[in-house]
Amino acid sequence: MASVSKKKTTSSGEHVALAVHSSEAKSDPPAPYRGICDSPKKLAGFIETLESARGSNLLIVIKGHPDPDSIASAIAQRQFAALFEIDSTIVFFDQVSHPENRALVKSLDADLRQYREDMDLSGFDYLAFVDTQSPHLPVPLESPPPILTFVDHHKTLGGFEAMHLDIREDVGATSSIYAEYLEHSDYGLEIGNFEHARLATALMHGIRTDTDNFLIGRPLDFRAAAYLRPFVDNDLLRLISKQSVTARTMEIIQRGLNNKEIRGTFLLAGVGFVREEDRDGIAQASDFLLRHEGIETALVFGIVNGDVVDGSLRTNSATIDPDEWLKSVFGADSAGRHYGGGRRNKGGFRIPLGLFARCNDRDALWVIGKKTIEDLVLEKIGIETASTDTPKQN
Ligand SMILES: [Mn+2]
């Protein structure tokens, strides 16, 4: 297999790394994935084009509502351009509407500019388009500069020219094409480089969303993902690819909002009965309510599956250690197992209702459960407030 791809390299005469696994690498720790380059000519053209524009300034255009694929592609284009001292501005015209995409832009610190009337788009040497079918600007320019690069995976419409044109209809995401440029050029990603990790994460997310999480991925999408994998920041990827909130979780959050009790910087909310399969909604509600203005600690609880009080604590407080705090509030069962515990800024507890689970009056059961939790928590907060905020009485 390796010899075939090596042959291809030499015959094309391009110094693009195509080799896969050399025989000696087998015994060593696994080498980073190296795939086959689909289009070494396109890659060479891309690099040459950037070189020819060295020192210029570039307007990178995202058309339509920015989505993860177009955002990641634009960032990749900007990082490539920067290697050739090309100064790039990324502009988009339609609002970043989806909350997940707004979170993406924010967490990537992507510096995308939304077009405004007073923005002057005339001073750029070149334009670059990513992840779009046509190069027509929503705001027509009087004398549009040449198109430096046009990289896309939609059905090609033709009818325009670009110094570098790379349209691949058989690829699931434009991000995959940029990943191939990274993998097979001299400008590959490096482990431990913060910017590279962010770019890899953005590209991975772009590929995932455009391929329905690889369900409709094409070969290049999988190869791109395999290449990006070791550079991806897993925490960041998790953050930006958070699934949409389900309707039932939304309802739990709403109940939390309606029933919240705030004491100082502490928020406590009982959400009533929750189905087993919606248990995660309690944690999500806690995550959400922690964002309430002025709140440092949120604790949300409910009765799950009719037989256990389940609660979730989230805190930004410097003084609350969730593990210690939950253990001291709820204590342990007769076998010495604590009802709660946690880690740095989150924790949870589960208290079985035991015999009370057989109570047919759900309203009454909730009243007892809620009162018990509230009393314990408020007592604890009361003690803490008394010991930290108010001077001790003599
Ligand atoms: Mn796309």
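## Briefing: a parallel sheet and its helices

Among contacts in the protein chain between residues at least 6 apart in sequence, 62% link residues at least 24 apart. The model described here is predicted. Its protein chain contains 12 helices and 12 strands. Of the 394 residues in the chain, 38% count as buried.

**The open sheet**

- Strands of a sheet pair through backbone hydrogen bonds, and the pairing may be parallel or antiparallel.
- In this model, 6 strands form an open sheet with parallel pairing, arranged in the order E3-E2-E1-E4-E5-E6.
- Strand E3 (112-114) and strand E6 (164-167) stand at the edges of the sheet; each has a single partner strand, so one side of each is left without a neighbour in the sheet.
- On average, neighbouring strands of this sheet are turned by 20° against each other, with direction ignored.
- Strand E2 (residues 87-92) pairs with E3 in the parallel sense over 3 bridges.
- The bridge partner of Phe-92 in E3 is Gln-114.

**Helices packed on the sheet**

- Helix H2 (residues 40-52) packs on the sheet and touches strand E5 (147-152) as well as E6. The direction of H2 makes about 145° with that of E6.
- Helix H5 (residues 174-184) also packs on the sheet, where it touches strand E4 (126-130), E5 and E6. The direction of H5 makes about 115° with that of E5.

**The pair H5 and H6**

- Two packed helices are described by the angle between their axes and by the distance between the axes.
- The axes of H5 and H6 come within 8 Å and cross at roughly 140°.
- The crossing of H5 and H6 is left-handed.
- On the H5 side, the contact is made by Ser-175, Ser-176, Tyr-178 and Ala-179. On the H6 side, Leu-203, Gly-206 and Ile-207 take part.
- An α-helix has 3.6 residues a turn, so residues three or four places apart point the same way.

**Helix H6 in detail**

- Helix H6 covers residues 194-210, and at 1.5 Å a residue its 17 residues should span 24 Å. The end C-alpha atoms of H6 are 24 Å apart, which agrees with that expectation.
- Is H6 largely enclosed or left open by the rest of the structure? Of its 17 residues, 14 are buried, so H6 is largely enclosed.
- Asp-212, which follows H6, has a positive phi near 50°.

Terms used
Residues are numbered from 1 along each chain as its sequence is written. This is a predicted model: local features need pLDDT of at least 70, side-chain atom pairs count only at pLDDT 80 or more; totals for chains, interfaces and linings use all residues. Helices (H or I, at least four residues) and strands (E, at least two) are DSSP runs, numbered from the N terminus. The expected span of a helix is 1.5 Å times one less than its number of residues. A residue is buried if 20 or more other C-beta atoms lie within 10 Å of its own, exposed if 12 or fewer, and partly exposed in between; C-beta atoms are placed from the backbone. Two residues are in contact if their C-beta atoms, placed from the backbone, lie within 7 Å. Two strands pair if DSSP finds at least two bridges between them. Axes are lines fitted to C-alpha atoms, for helices over the stretch in contact, and angles run from 0 to 180 degrees between N-to-C directions. A crossing is left-handed if the near helix is turned anticlockwise from the far one by less than a right angle, and right-handed if clockwise.
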